[in-house]
Amino acid sequence: MQGLSMNPSSKQLSSLSVVVAAVLLLGLAGVAHGGRRLIVSRSEDEPCKKMTVYYHDILYSGNNTANATSAAVTKPAAALSTSHWANGTFFGLLVVFDDLVTEEQALSSEPVARAQGFYFYDKKEQYNAWMAFSLVFNSTAYTGTLNLMGADLMYEKTRDISVVGGTGDFFMSRGIATLSLVAYEGTVYFRLKMDIKLYECYVKDH
């Protein structure tokens, strides 16, 4: 029986083998992600990446088929819209969009992405929405997606929604997008300024 017992050096070798295996697995995981390295910002004022873009939404109104980029797929619950707004709060209205995103404010300026997703009006007493969408990039500057979601508190001058992930140049990115309304034409068109700050970025090792 004595010959079956492990001496201390054997135990140490066994533990070392486990550690080496774990390190190798971690190394392989890094390769599986394209050799990317995670950068986490140290403070709110120092994002690892930031950009400002403009989001344009043109709601289908029945006679603008050629240039509409969004469409209501439900009707608002008029009886539940108790706001002082003449047209109610659109409570229950769901809009699906494929909107243009530009680098400059003008709708005709250089496109940088498409915003694809939905928003719905979710408050009976106030003009308010919740949104979830992807910014789909396909340009010489960026390729991939950024995924955003959160409450669009329309009564606030600025409001933040979360950047919850991404792909391509924005692989697994996380951060905040600050939205502000800069132009609108009734209920048919609005333009949002989006200040995007990323605080977790994966960069490729060279």
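**Cavities and the disulfide**

Tutor: By the grid rule, the count comes to one cavity of 30 Å³ or more; a cavity is a set of points, on a 1 Å grid over the protein atoms alone, where a 1.4 Å probe fits but cannot get out. This is a predicted model, in which local features need pLDDT of at least 70, side-chain atom pairs count only at pLDDT 80 or more, and totals for chains, interfaces and linings use all residues. Residues are numbered from 1 along each chain as its sequence is written, and side-chain values use heavy atoms, with hydrogens and water left out.

Student: How much space lies in the largest cavity, and which residues line the largest cavity?

Tutor: Rolling a probe the size of a water molecule over the atoms shows where empty space is left. Here the largest cavity holds about 50 Å³, the volume being the space filled by probe spheres set on the grid points, which are joined across faces, edges and corners. Its lining consists of Tyr119, Ala129, Met131, Asp152, Met154, Phe190 and Leu192, where lining residues have an atom within 4 Å of a point.

Student: Which cysteines form a disulfide?

Tutor: A disulfide is a covalent bond between the sulfur atoms of two cysteines. The structure holds one, assigned when two cysteine sulfur atoms lie within 2.5 Å. Cys48 and Cys201 form this disulfide, with their sulfur atoms 1.9 Å apart. The torsion about their S-S bond is about 80°, so the disulfide is right-handed.

Methods. On a 1 Å grid over the protein atoms alone, a cavity is a set of points where a 1.4 Å probe fits but cannot get out, and a pocket is an open set with protein on both sides within 12 Å along at least five of seven lines; lining residues have an atom within 4 Å of a point.
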